[in-house]
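Q: Could you take me on a close look at the spot where the ligand sits? I'd like to know what surrounds it and what touches it.

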Amino acid sequence: MCGGIAAYKAVEVCRGLVDAGAFVSPVMTRGATRFVGTVTFSALASEPVRITLWDEPEPIPHTRLGQSADLIVVVPATARLIGSYAAGISSDLLTATLLATRAPVLLCPAMHTEMWEHPAVVDNMARLRQRGVHVVEPVAGRLAGGDVGSGRLADPADIVAAAVAILSVPADLAGIEAPATPGPVAVPGDLAGVTALVTAGGTREPIDPVRYVGNRSSGKQGYAIAAELAARGARIILISTVELAVSRGIEIVRVETAAEMEAAVLARAGQAEVIVMAAAVADFRPKEIAPHKLKKGAGPPEVVLEPTPDILAGLGARRRPGQVLVGFAAETASGESAEGDLRSYAHQKLKTKGADLIVANDVAAPGVGFAHDTNAVLIVGADGYEAEIPLASKAEIATAVVDAIARTRHDRTRDMRPATNEEQP
Ligand code: PMT
């Protein structure tokens, strides 16, 4: 634990790790002790808190801690800790332990938006990610002092889920060779071994060979979600009507119409543990497509529309066990009770589409929805989960959506575990 206001949430992470069966050796920086008392951690963890390299009965605590750890979780990771670790500087017991380990490391940054977005911190994080360090990204939300922005510590349950996932991913599943001798294990993130299918962009329903009925979706939100899932270790199948830059390894299937998207999705849905329908699929299409360009001289054509298949509802009706199904809801909920409307629309869609999560956006609000680089969403879950993300970049929205997916998967795994006596009320 480092010294940041989010240190109080490390208490919950510590408890979650112990509940999950981990032996937790707590290490605090001096700064952390200004935010949370050592007694709290000593009581909750598996052994007493350590703070310093000195004054300990054992002469070199960092090597014992580093060598015996299966995983080191830093929560919250401050800009100072991230900088020291990236530069290989050991100035206290925590940084010395980080340098004295070959175990995987999971960083959970938390700081103010300005600090999180500072080029020095961005560079240090990139360097650490390259070295195989795992990261549970901070989320957007309320920060210390009442500010709102990205940099808020992720949900403690998501941090525990990520730690459990790192410890339980076999090397072959994660697509890496198991090291012959203990060494730095570059296991990918909390969704390693998961296949995710994502749709992006707006469908185009032809009227004639040159004209179509379409919408304003740019595909940016869907691509951002695909990128976030990939960064966290998932294998991605991206079914898209548009072509944007993607990271290597993402399989792209190009489609144009709702019917093509439906065929592409249904052909691959059986492989996917996670499906995110971010695409803006047309609800109606021209009943007939003119074989030749309609002539202006013939006067305005009468275009008769018919409904398209509802891909998401179809997936909801026949999904494979354990699959997490995420739909979007593009609403124009603006008005006096815009938030209330968006929430009730989102809950309606949860039911009608049979989804686990609905990500609702009020596309009439400034900077929200179609084509913008930003978005603002309300995420609701069939299990009662709710998260509201105020205006943020589409990448940040993607992080929140993927956090909600990871949480749903985690809860499902926990619910599927046989109850032990200790778990009985
Ligand atoms: O692409 P961007 O420019 O970045 O914009 C992002 C976005 C606004 C497109 C995105 O945030 C979004 O809201 N996507 C869903 C758009 C939409 O079609 O919403 P809907 O409320 O009409 O549909 C609800 C859900 O059903 C969606 O998950 C949609 O993919 C799905 N659907 C809809 C119709 C249909 N025939 N089949 C479907 O599967």
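A: Let's start with a term: a polar contact is a pair of N or O atoms within 3.5 Å. Keep in mind that this is a predicted model.

With that cut-off in hand, look at N361: an N or O atom in its side chain is 2.5 Å from an oxygen atom of the ligand. The side chain of S218 also has an N or O atom 2.5 Å from a ligand oxygen. Then there's K353, where a polar side-chain atom lies 3.1 Å from an oxygen atom of the ligand. As for how wrapped up the ligand is, on its own it has 770 Å² of accessible area, and the protein covers 96% of that.

The ligand is surrounded by 29 residues, and S218 and N361 are among the closest, along with S217, K349 and A371. Sorted by class, you get 14 nonpolar residues, nine polar ones and six charged ones.

Where does that shell come from? Four elements each supply at least two residues: the helices α10 (220–231), α12 (311–317) and α13 (338–353), plus the strand β14 (324–331). Of these, β14 gives the most, with four residues.

Methods. Residues numbered from 1 in each chain as written. Predicted model: local features only at pLDDT ≥ 70, side-chain atom pairs only at ≥ 80, totals over all residues. Heavy atoms only, no water. Near = heavy atom within 4 Å. Polar contact = N/O pair within 3.5 Å; in protein donor to acceptor, adjacent residues only side chain to side chain. Areas by Shrake-Rupley, 256 points an atom, 1.4 Å probe, with all protein chains shown as cover. Nonpolar A, V, L, I, M, F, W, Y, C, P; charged D, E, K, R; others polar.
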